[in-house]
Amino acid sequence: MKSILKMFIPIVVFIAASGATYVAYTKWNAVERPNSTSHRNDTIDGVKGLSEGETIALPALMTLNGEQLNLANLKEERLLCVFISSRCSGCSMDAELWRDLQAESSKRGVAFYLVDIADSLDNLKRFSTTYKFEDLPILFDAKDEIGKRVEFLPQYILFTRTGEVIHRWDGVRRYDRKQGATELARFFQPH
């Protein structure tokens, strides 16, 4: 009888723990989290950086091929920059969103670039190859011209052609590709 009871207790504890974990997970999953894409406040409290309405001089940045691209000379009226770094633990999690943002930007006539800051060119090349986004338009801010104004990564900033910040989003986006059209549209709406 004692041996049956010894076997039965761990099974009961396991079932109870599994049930409690399931309940906690489903309740957590049903609650809107702060970084959820449906959350209207797209900046994280206390994170400084470029603000809406602020204007900066858009610099010339280096491509992965070593060519200079002057952001101030783009033909598009708006520019969406995603600031990243290989040292950013969450940056690679957004690669699927970056692909969809590039496609949506192209449809809307918005220039799109990933802008690497706080890295070396070799680290950037390894990072983009490792996470398979080397085919996206990537620029390197070697002189830290914009990067010094970006405090949190990844950070998404929509600029006008003249360098005015239209909107800023901080952090990893918890992107759901099934609801992608709605989520992507938010990046291009006036705020």
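The accessible surface of the protein comes to about 11,100 Å², and 56% of that area belongs to carbon and sulfur atoms (Shrake-Rupley method, 1.4 Å probe; for residues, only the protein chains shown count as cover). The model is predicted: local features need pLDDT of at least 70, side-chain atom pairs count only at pLDDT 80 or more, and totals for chains, interfaces and linings use all residues. Residues are numbered from 1 along each chain as its sequence is written, and side-chain values use heavy atoms, with hydrogens and water left out.

**Overall architecture**

- The protein contains four helices and seven strands (DSSP runs numbered from the N terminus: helices are H or I with at least four residues, strands are E with at least two).
- Along the sequence, these elements follow the pattern α-β-β-β-α-β-α-β-β-β-α.
- Of the 191 residues, 40% count as buried (buried is under 20% relative accessible area, exposed over 50%, partly exposed in between, with a 1.4 Å probe and protein chains only).
- Among contacts between residues at least 6 apart in sequence, 73% join residues at least 24 apart (contact means heavy atoms within 4.5 Å).

**Cavity**

- The structure holds one cavity of 30 Å³ or more (on a 1 Å grid over the protein atoms alone, a set of points where a 1.4 Å probe fits but cannot get out; lining residues have an atom within 4 Å of a point).
- The volume of the largest cavity is about 30 Å³ (the space filled by probe spheres set on the points, with grid points joined across faces, edges and corners).
- Leu58, Leu71, Leu74, Glu76, Glu77, Arg78, Leu79, Thr160 and Arg161 line the largest cavity.
- By class, this lining has four nonpolar, one polar and four charged residues (Ala, Val, Leu, Ile, Met, Phe, Trp, Tyr, Cys and Pro count as nonpolar, Asp, Glu, Lys and Arg as charged, and the others, Gly among them, as polar).

**Ile84 in strand E3**

- Ile84 belongs to strand E3 (residues 78-84) and is buried, because its relative accessible area is 0%.
- Leaving out residues up to four places away in sequence, Ile84 touches Cys91, Trp98, Leu114, Val115, Asp116, Ile117, Phe127, Phe133 and Leu153.
- Ile84 and Ala118 are 34 residues apart along the chain, and their C-alpha atoms are separated by 8.7 Å.

**Two glutamates**

- Glu104 lies in helix H2 (residues 95-108) and counts as buried because its relative accessibility is 15%.
- The side chain of Glu104 makes a polar contact of 2.7 Å with the side chain of Arg108 (a pair of N or O atoms within 3.5 Å; within protein, one must be able to donate a hydrogen and the other to accept it, and residues adjacent in sequence count only if both atoms are side-chain atoms).
- Beyond residues up to four places away in sequence, Glu104 touches Leu184 and Phe188.
- Glu164 occupies the loop between strand E6 (155-160) and strand E7 (165-170), where it counts as partly exposed at 34% relative accessibility.
- Apart from neighbours within four places in sequence, Glu164 is in contact with Gly53, Glu54, Thr55, Leu158 and Phe159.
- Glu164 and Glu52 are 112 residues apart in sequence and 7.6 Å apart in space, C-alpha to C-alpha.

**Backbone features in loops**

- Leu153 and Pro154 are joined by a cis peptide bond with omega of about -10°, and Pro154 lies in the loop between strand E5 (138-140) and E6.
- Asp144, in the loop between E5 and E6, has a positive phi of about 60° although it is not a glycine; Asp144 is partly exposed, at 33% relative accessible area.
- Lys132, in the loop between helix H3 (121-130) and E5, has a positive phi near 55° and is a residue other than glycine; Lys132 is exposed, with a relative accessible area of 57%.

Methods
On a 1 Å grid over the protein atoms alone, a cavity is a set of points where a 1.4 Å probe fits but cannot get out, and a pocket is an open set with protein on both sides within 12 Å along at least five of seven lines; lining residues have an atom within 4 Å of a point.
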